[in-house]
Amino acid sequence: MLLKDYKINFFNSLKNIQDEQEIESFFFILTEYLHNLKRVDVALNPNFELSDAEVDKWNTILAQLQQEKPIQYITGEAWFYGLRFEVNENTLIPRPETEELVEWILNSSITQHPSPINILDIGTGTGCIPISLKANLPQANVSAIDISEKALEVAKRNAELNKVEINFIQTNILEVEDLSQLPSPIIHHPSSYNIIVSNPPYVRNLEKQEIKKNVLDYEPHLALFVEDTDALLFYRKIAQLALKNLSPNGLLFFEINQYLGKETVELLENLGFKNIELKKDIYGNDRMIRCSI
């Protein structure tokens, strides 16, 4: 079968699930994944023929896409801030909104300081935030926490893939009383951090009906959901720790629930944080906060 003929079947099989632009994106991701053919290569090879075994591979993947399995979990990779990351069902798929958070951190004046700075990412998942920061701030000392051993295994491989050194720590942040006492192979752990950043679980159970099937059925709920009765649990805990362990000129960054911007700002104000800035993402949603002590 010719690839161009299979493309027609591919589009027809997914047209009731995804929009045309998304289907086209999937198709060309898969031509590169399965055949090492970029979009231009496909155009230059209109008579590219698929073997029976290759058609079987396409059909297997097509069946997964029809079940709305994220294509990143099918190919095992995602791109974030210009870097390639391994992903699997133990990690959230990195999102464009989080790239905006990384950009905001990198554009902060504190990152322009010539001397080394200490950065801590809490709830690291794939490691996309600390790895992207370290890749752009090679002088920084970067640590990252996650409760999931399997997620940290992925994050460590991603650090190796992108040739950066990150101090990864497995712990439950809700049980930590002082960030300077984190379990760590580093002998002299930082007593304070210039930047603390977190994209913690923030989706309330009441919002599940808004979540698409490809997220709800496949991405790890541990990294997504919080109880309706205490939706700001992680923000409160991390902010309390930041009060102890953020350096005098340091900054705390959060990615937040778009519906709880006002409540998150009030939480930080009540704890005594200053210079609180609520920022919208590219979609116009309240998505991130920066503040200092």
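Tryptophan 104 is buried, with a relative accessible area of 7%. Buried here means under 20% relative accessible area, exposed over 50%, and partly exposed in between, for a 1.4 Å probe and protein chains only. The model is predicted: local features need pLDDT of at least 70, side-chain atom pairs count only at pLDDT 80 or more, and totals for chains, interfaces and linings use all residues. Residues are numbered from 1 along each chain as its sequence is written, and side-chain values use heavy atoms, with hydrogens and water left out.

Tryptophan 104 lies in helix H6. Helices (H or I, at least four residues) and strands (E, at least two) are DSSP runs, numbered from the N terminus. Helix H6 spans residues 96-106 and is mostly covered, with eight of its eleven residues buried. These are Glu97, Thr98, Glu100, Leu101, Val102, Trp104, Ile105 and Leu106. The cover, by contact (heavy atoms within 4.5 Å), includes helix H7 (128-136) and strands E1 (77-80), E6 (193-198), E9 (246-255), E10 (274-280) and E11 (286-292).

Lysine 279 lies over the face of tryptophan 104, at 5.4 Å from the ring centre. Such a charge has NZ of Lys or CZ of Arg within 6 Å of the ring centre and within 35 degrees of the ring normal.

Eight aromatic pairs occur in the structure. Rings of Phe, Tyr and Trp (its six-membered ring) pair if their centres lie within 6.5 Å; planes under 30 degrees apart count as stacked, over 60 as edge-to-face and the rest as tilted. Tryptophan 104 and phenylalanine 253 form an edge-to-face pair, 5.6 Å centre to centre with 80 degrees between the planes. Phenylalanine 253 is in strand E9 and tryptophan 104 in helix H6, so this pair ties together parts 149 residues apart in sequence. Phenylalanine 253 is buried, with a relative accessible area of 0%.

A cluster of Tyr6, Phe10, Phe27, Phe28 and Trp58 is linked by ring pairs. Phenylalanine 27 and phenylalanine 28 are both buried. Their ring centres are 5.2 Å apart and their planes stand at 80 degrees, so this pair is edge-to-face.

Helix H1 (residues 3-14) packs on helix H2 (residues 20-35) at an angle of about 140 degrees, with axes 10 Å apart. The pair is therefore oblique. Axes are lines fitted to C-alpha atoms, for helices over the stretch in contact, and angles run from 0 to 180 degrees between N-to-C directions. Angles under 35 degrees count as roughly parallel, over 145 as roughly antiparallel, 65 to 115 as roughly perpendicular and the rest as oblique. Residues of H1 in the contact include Phe10 and Phe11. Those of H2 include Phe26, Phe27 and Phe28.
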